Amino acid sequence: MSKPKRYCIIGAGPAGLCTARHALALDGSPEVTVFEQTKQIGGLWTYTETTGKDQNGIEITCMYANLRTNLVKQGMGYPDYPIDEKASTFVGIAEVARQLNGYAEKHELERIIKFEQQVVRVTRNFELNVWDVLVKNLPDNLHLNYQFDFVLICNGHYSSPIIPDFPGRDIFRGRQLHSKDYRRSEHYSGERVLIVGGGHSGVDIAPDVASHARRAVLSHRCKGAVHTGDQVVQKPEISRLTPTGAIFVDGCTEDFDVIIYCTGYRYSVPFISMDCGVTLHNNAISPLYYHCININQPTMAFIGLPFNACLMLMMDMQARFCLQFYSGQKPLPSREEMLEEWKRDTSEREARGLTGKLTHMLAGDLQQRYYDELARIAQIESLKPVLAKMHADCITSKNEDVNFRSYEYHVIDDENFTKVKIPHSNNAAALA
């Protein structure tokens with residue numbers, strides 16, 4: 001009898017959990033190991049009041065206390081474990097955490113997760129045709145070597161924060177922090193707060209801060225105003241910082257006590273060696289077959305890179321896609337075929353302006369097409385079109401109306417949904 005296949009899964013957040021669940025279900029009694037560098041599952045959905053680094057020196061990243069998702073709940077659950085039908089469409093961080101913990105309990109995943117174990121290096125062992133994985137046991141400060149047949153990287157998008165290096169950043173005398181360390185608006189009571197960035201986090205955090213701050217100003221480079229409500233003052237980009245505040249590109253000057261950088265994250269895979277066959281350049285990982293399988297070393301995959309998607313459902317589908325090939329249920333295309341598809345996708349994305357940090361974005365019609373292509377190639381079930389349609393409508397509403405969360409979405413059938421305004425809704429974020 002052949003030896004059981006050994007699967008290494010890096011990260012026990014939403015992507016790692018569904019990947020582990022599907023790997024465990026494969027025939028042949030596979031050996032599945034999940035390495036998680038923190039003490040718990042859930043990734044950034046596990047809330048803590050602590051900021052900075054944990055007891056092992058690992059950077060802490062989590063959502064803020066008042067957060068409600070900006071995606072419909074129908075895309076936040078897993079196919080076999082949806083979010084409670086009774087929950088509101090836009091759930092809070094505590095509900096997502098309960099969802100992930102319930103999923104892990106249902107599939108008995110914690111028994112295969114090694115907590116407080118940091119993957120230090122992943123190297124290809126060409127002699128044995130396996131992956132050598134060096135792992136640090138953080139509490140004991142010991143290094144251990146493992147070997148695996150397959151490596152699935154599920155460490156998420158949110159481990160390496162981007163902080164713009166504005167002139168004068170080193171002389172500003174107030175507090176400066178990235179949104180990863182933002183927790184509660186009460187912490188800014190009576191203060192003058194500058195929020196930097198017009199993306200999802202900036203547009204969400206600015207009105208949250210404004211509920212307690214003396215003054216909340218959002219600086220961004222979007223064309224025209226973004227929807228943040230009446231309490232937030234909007235300014236153009238920062239030209240430079242001063243000891244007491246900021247000078248904006250329109251020449252206006254204002255003093256602030258705190259600056260919160262809602263400026264996003266970079267993909268980060270510091271543990272993969274050069275011989276792994278992929279590069280991380282301009283915030284994009286390549287070359288990948290359908291944004292997940294490493295074309296040069298196809299026994300390595302990345303789960304969860306695409307964004308602007310039905311979050312957990314997309315990750316679950318990617319996991320099933322990869323494992324169809326790794327389990328031998330479907331033959332993997334040749335390297336030439338995978339490269340050809342990657343080049344085709346890259347060319348189309350370049351024509352649409354989806355390069356650099358947008359390389360893995362499932363914009364517009366690309367979302368449903370992506371799901372359908374994964375399903376066709378691996379002969380797995382695709383996602384119903386209604387899910388991508390609700391997601392697209394939600395994103396459009398968010399860009400047009402600060403009160404977009406005051407609507408409830410309901411699925412009618414595979415293609416259609418309803419959207420109903422909640423009477424007297426104030427769109428306020430629910431405390432976790």
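Predicted model: local features only at pLDDT ≥ 70, side-chain atom pairs only at ≥ 80, totals over all residues.
Student: What radius of gyration would a compact globule with 432 residues have, and what does the protein have?

Tutor: For 432 residues, a compact globule would have a radius of gyration near 22 Å. The protein has 22 Å, which agrees. Along the principal axes, its C-alpha atoms fill a box of roughly 70 × 50 × 45 Å.

Student: How many helices and strands does the protein have?

Tutor: There are seven helices and 24 strands. To see how the chain comes together, look at contacts with a separation of 6 or more: residues 24 or more positions apart account for 61% of them.

Student: What share of the residues counts as buried?

Tutor: Of the 432 residues, 52% count as buried.

Student: Which residues touch the most other members of the largest nonpolar core?

Tutor: The general idea comes first. In soluble globular proteins, nonpolar side chains tend to be buried together. Here, the largest nonpolar core has 92 residues, and Leu17, Trp45, Ile293, Phe321, Tyr326 and Tyr371 touch the most other members. Helix 4, residues 311–326, gives this core its largest share, 10 residues. There is also a second, separate core of 22 residues, with Val122, Val135, Val151 and Phe302 among them.

Student: Which residues is Phe321 in contact with, leaving aside its neighbours within four places in sequence?

Tutor: Phe321 is in contact with Tyr289, Tyr290, Cys292 and Ile293, and also with Leu374, Ile377, Ala378 and Ile380.

Student: Asp316 is in helix 4 as well. Is Asp316 buried or exposed?

Tutor: Asp316 counts as buried, because its relative accessibility is 1%, and the cut-off for buried is under 20%. Leaving aside neighbours within four places in sequence, Asp316 is in contact with Cys18, His22, Tyr78, Pro79 and Tyr103.

Student: How many residues of helix 3 are buried, and what covers them?

Tutor: Helix 3, residues 200–210, is mostly covered, with eight of its 11 residues buried. Those buried residues are Gly202, Val203, Asp204, Ile205, Ala206, Asp208, Val209 and Ala210. Their cover includes strand 10 (192–196), strand 11 (215–219), strand 12 (232–235), strand 16 (258–261) and helix 7 (385–400).

Student: How should I read the backbone angles?

Tutor: Most residues other than glycine have a negative phi, and most peptide bonds are trans. In this model, Ser29 has a positive phi near 50°, and Asn282 has a positive phi of about 55° although it is not a glycine. The peptide bond from Ser286 to Pro287 is cis, with omega near -5°.

Student: Where do Ser29, Asn282 and Pro287 lie?

Tutor: Ser29 lies in the loop between helix 1 (14–24) and strand 2 (31–36). Asn282 is found in the loop between strand 18 (279–281) and strand 19, while Pro287 lies in the loop between strand 19 (284–286) and strand 20 (288–289).

Student: Do Ser29 and Asn282 count as buried or exposed?

Tutor: Ser29 counts as exposed at 59% relative accessibility, and Asn282 counts as exposed at 54%.

Student: How many charged side chains are there?

Tutor: The protein has 46 positive and 51 negative side chains, and the centres of the two sets lie 3 Å apart.

Definitions and conventions:
Residues numbered from 1 in each chain as written. Heavy atoms only, no water. Helix = DSSP H or I, 4+ residues; strand = E, 2+ residues; numbered from the N terminus. Rg over C-alpha atoms; globule rule 2.2 N^0.38 Å. Buried < 20%, exposed > 50% of the residue type's maximum accessible area, 1.4 Å probe, protein only. Contact = heavy atoms within 4.5 Å. Lys, Arg positive; Asp, Glu negative; His and termini not counted. Charge placed at Lys NZ, Arg CZ, Asp CG, Glu CD. Core = buried A, V, L, I, M, F, W, Y, C linked by side-chain atoms within 4.5 Å.
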